[in-house]
Amino acid sequence: MPDPATPTAEAPSRANLVVGVLAFAGIVVSLMQTLVIPLIPALPGLLHASAADATWAITATLLAGAVATPTVGRLGDMYGKRRMLLFSLGALVAGSTIGALSDSLAPMVAGRALQGLAAGVIPLGISIMRDELPAERLGSATALMSASLGVGGALGLPAAALLAENADWHVLFWTAAALGLVVVGLVVALVPESPVRTGGRFDVPGAAGLSIALVCLLLAISKGADWGWGSPATLGLFAAAVVVLLLWGRWELRTAQPLVDLRTTARRQVLLTNIASAVFGFAMFAMSLVLPQLLQLPAATGYGLGKSMLAVGLVMAPSGLVMMALAPVSARVSRTRGPKTTLMLGAVVVAAGYALGIVLMSAAWQLVVVSSIIGAGIGLAYGAMPALVMGAVPVSETAAANSLNTLMRSIGTSVSSATAGLVLARLTIHFGPATLPSQNGFRLVLAMGAAAALIALAVAAFLPRRAPAASAPASVEPAAAVGR
């Protein structure tokens, strides 16, 4: 007779493996965001392209990720989350391989676009966790998965800088491809396919409309500084984004099986969480734009620290470790006080970190402290967001809802990049023949990060009060609800 205790003993072990594999997948995918940062100054020479054209290696990843995230999430709900997870990871491996074989702009842009298609891995991973894990494990697991977005970015920078400084730059992409293959093997071996599916017909017009609108919006935001914010191209793209979004919204409300259920998205808890996520994405990225520049500017400016890219990575890395460490704390606070409280606490901590950064920027250790405090706040807040979203949507829409939430963060980071770039381009000093961002410019961007965190706090304050997760398991609907 089998030992009745055996399933009980095996279940937590298997759950730990699933969580570990999915979190590792999230970290590997988020590495793509920092992969080319050490190469940015040298990209025009490496790819035999102009500086303006070389930026497409960055922009292509952003646009592809924005298009893929909601589409892959919906396909995961319909046809299998593990299947779409493997598709996303396969695109990452293919894109990394193309990048590793590239010596010119066109194949590099194609490879980076394929890497961007992997952006849906984190929301898909969170959705698989909802389907597979017991209720008592879900909060800490989703918090860890959500935090992996920042963890991979922070830890990837020093690793990428070390490789870029000591090896041929193609090694960066070969390493990414190898890590992607490892994750594919782990997912195939250890992550089960969820039985929770919606079925039905995929909303092709909805996917096309949203993709066109997002490409227009993000292209205008990312290229506006180069083309001119008042140029016909930039204004035309913004206008096209608005028109297409309005038409898309009308279609989504009328179709029987929409890509995004706007009625569910309009629920107060989902809507406010997505707004807070976009604002938080703005706040998070301000740190990534200011601190590396402060560290690398010449010490002779009076405020730059004259550090190498490797030193930048080492200064930024602790923030990623703090995010990971705070994931269980985020889950514990959400369980006892509710995810609304966790999100608000995270916003306060991020605002405090940016406020501290305005006065502490004269030494590397000070920037380590500042980035770690901001990382702690991000870890708290990002752990709460999936809980808020999943507490207000049916199981059958989990991947699509989480994907939309991830997309909102990405839009926030894109707006942050454009806004901070505009500020730093306007507030400058002359340093010999060069024009550099001024210290007041950096302080203003940090103040904007603090203000964004406080706006997220205000938005979160209007979230509905909910019972703590431990006492309200009904917030996660059973699989039986799929067919309704």
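Visitor: Which backbone nitrogen lies 2.9 Å from a polar atom of the side chain of Thr 301?
Guide: That's the backbone nitrogen of Gly 304. Keep in mind that this is a predicted model.

Visitor: OK, and where does Thr 301 lie?
Guide: Look in the loop between helix 13 (268–296) and helix 14 (309–337).

Visitor: Is Thr 301 buried or exposed?
Guide: Thr 301 counts as buried, because its relative accessibility is 16% and the cut-off for buried is under 20%.

Visitor: What does Thr 301 touch, leaving out residues up to four places away in sequence?
Guide: Phe 431 and Leu 436.

Visitor: Switching to rings, how many aromatic pairs are there?
Guide: The count comes to three. One of them is Trp 169 with Phe 173, an edge-to-face pair with 6.1 Å centre to centre and 85 degrees between the planes. Trp 169 is buried at 9% relative accessible area, and Phe 173 is buried too, at 1%.

Visitor: What about Phe 280 and Tyr 382?
Guide: Their ring centres are 6.3 Å apart and the planes sit at 55 degrees, so that pair is tilted. The pair links distant parts of the chain, with Phe 280 in helix 13 and Tyr 382 in helix 16 (residues 364–390), 102 residues apart.

Visitor: And are those two buried or exposed?
Guide: Phe 280 counts as buried at 0% relative accessibility, and Tyr 382 counts as buried at 1%.

Visitor: Which residue lies over the face of Tyr 382?
Guide: Arg 409, at 4.1 Å from the ring centre. Elsewhere, Lys 223 lies over the face of Trp 56, at 4.5 Å from the ring centre.

Methods: Residues are numbered from 1 along each chain as its sequence is written. This is a predicted model: local features need pLDDT of at least 70, side-chain atom pairs count only at pLDDT 80 or more; totals for chains, interfaces and linings use all residues. Side-chain values use heavy atoms; hydrogens and water are left out. Helices (H or I, at least four residues) and strands (E, at least two) are DSSP runs, numbered from the N terminus. Buried means under 20% relative accessible area, exposed over 50%, partly exposed in between (1.4 Å probe, protein chains only). A polar contact is a pair of N or O atoms within 3.5 Å; within protein, one must be able to donate a hydrogen and the other to accept it, and residues adjacent in sequence count only if both atoms are side-chain atoms. Contact means heavy atoms within 4.5 Å. Rings of Phe, Tyr and Trp (its six-membered ring) pair if their centres lie within 6.5 Å; planes under 30 degrees apart count as stacked, over 60 as edge-to-face and the rest as tilted. A charge sits over a ring if NZ of Lys or CZ of Arg is within 6 Å of the ring centre and within 35 degrees of the ring normal.
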